[in-house]
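Q: I would like to learn how to read a few features of a structure. Can we take them one at a time?

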Amino acid sequence: MSTLTVPAQVPSVTEDCEQLRKAFEGWGTNEQLIISILAHRNAAQRKLIRQTYADTYGEDLLKSLDKELTNDFERVVMLWTLDPAERDAFLANEATKRWTSSNQVLMEIACTRSSKQLLEARQAYHARFKKSLEEDVGYHTNGDFRKLLLPLVTAYRYEGDEVNITLAKSEAKILHEKISNKAYNDEDLIRILATRSKAQINATLNQYKNVYGNDIDQDLEADPKDEYLDLLRATVQCLVRPEHYFEKILRLAINKQGTDEGALTRVVTTRAEVDLKVIKDEYQRRNSVPLDRAVVKDTSGDYEKMLLALLGHGDA
């Protein structure tokens, strides 16, 4: 499911650090050398490179990259080089600072990470920003958005596959009643989405469709212009069909009106080691164009090369 390609024989971490240092020296930065190393190392390897680089040269690798790189290429390399929990904390903090009612990044992080990953992201947030993610989400959001987002970002869901069918039937009924009455901000509706395991939610939504004839997504489309409802639909999608959610983010990011590099960079860097192959397959199925080709058409230079490397382009 990952698109990351790591060579069978990985150079020593010392050699990687020496090569990166060499890429920064001289008259110009050797961007291709940076891509050839960092785009082909997994999270554990990148973490070790950062530690060794700091021990050897007395500077955080991220600071060296910041001095040498610019624009979209800098952002994709920086985000990729961060530890996944640090990256989530950074993206979540950005999302709180630029909060708008159509901003779904906080929900995306809360609903597509495992319980352990979300906890690690919250711990990284503490360490980096000297306050809690919950504190910032509570401060920067309001109304129904706050009511939904706070329990989502603080969730610690059960990760197992066991489901309770009796519970699924009763909670499908609750969801249907609330949605039929347009009580989209109801505490029970939010409680079910924010606390149940993903397997249990999937079972509940299957019961919902079986009994009431519609996917819950369809019933939540009462008002396409309602941004809270849009967030609610995206929440359901992230919990049970994340590849559909991320395909849509990519489709909207790569369009005729202009590329949304922020969204494109975020999806590629956060999903390359997780399920980007599944997302790529979904993108091709939905758009009849390979994602790699769409990226080539809409990006250029070293930014394009880094994205393609993370997409596994040209690798068997």
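A: Start with cavities: on a 1 Å grid over the protein atoms alone, a cavity is a set of points where a 1.4 Å probe fits but cannot get out, and lining residues have an atom within 4 Å of a point. This is a predicted model, where local features need pLDDT of at least 70 and side-chain atom pairs count only at pLDDT 80 or more, while totals for chains, interfaces and linings use all residues. Residues are numbered from 1 along each chain as its sequence is written, and side-chain values use heavy atoms, without hydrogens and water.

Q: Which residues line the largest cavity?

A: The lining consists of Ala110, Arg113, Ser114, Ser115, Leu118, Ala155, Arg157, Glu159 and Lys198. Three of the lining residues are nonpolar, two polar and four charged (Ala, Val, Leu, Ile, Met, Phe, Trp, Tyr, Cys and Pro count as nonpolar, Asp, Glu, Lys and Arg as charged, and the others, Gly among them, as polar).

Q: At what angle do helix H4 and helix H5 pack?

A: Axes are lines fitted to C-alpha atoms, for helices over the stretch in contact, and angles run from 0 to 180 degrees between N-to-C directions. Helices are DSSP runs (H or I, at least four residues), numbered from the N terminus. H4 (residues 61–68) and H5 (residues 71–81) pack at about 175°, their axes 10 Å apart. H4 and H5 are therefore roughly antiparallel (over 145 degrees). In the contact (heavy atoms within 4.5 Å), H4 supplies Leu61, Leu62, Leu65 and Asp66, and H5 supplies Glu74, Val77, Met78 and Thr81.

Methods: Helix = DSSP H or I, 4+ residues; strand = E, 2+ residues; numbered from the N terminus. Parallel < 35°, antiparallel > 145°, perpendicular 65-115°, else oblique. 1 Å grid on protein atoms, 1.4 Å probe; cavity = no way out; pocket = protein on both sides within 12 Å on 5 of 7 lines; lining within 4 Å.
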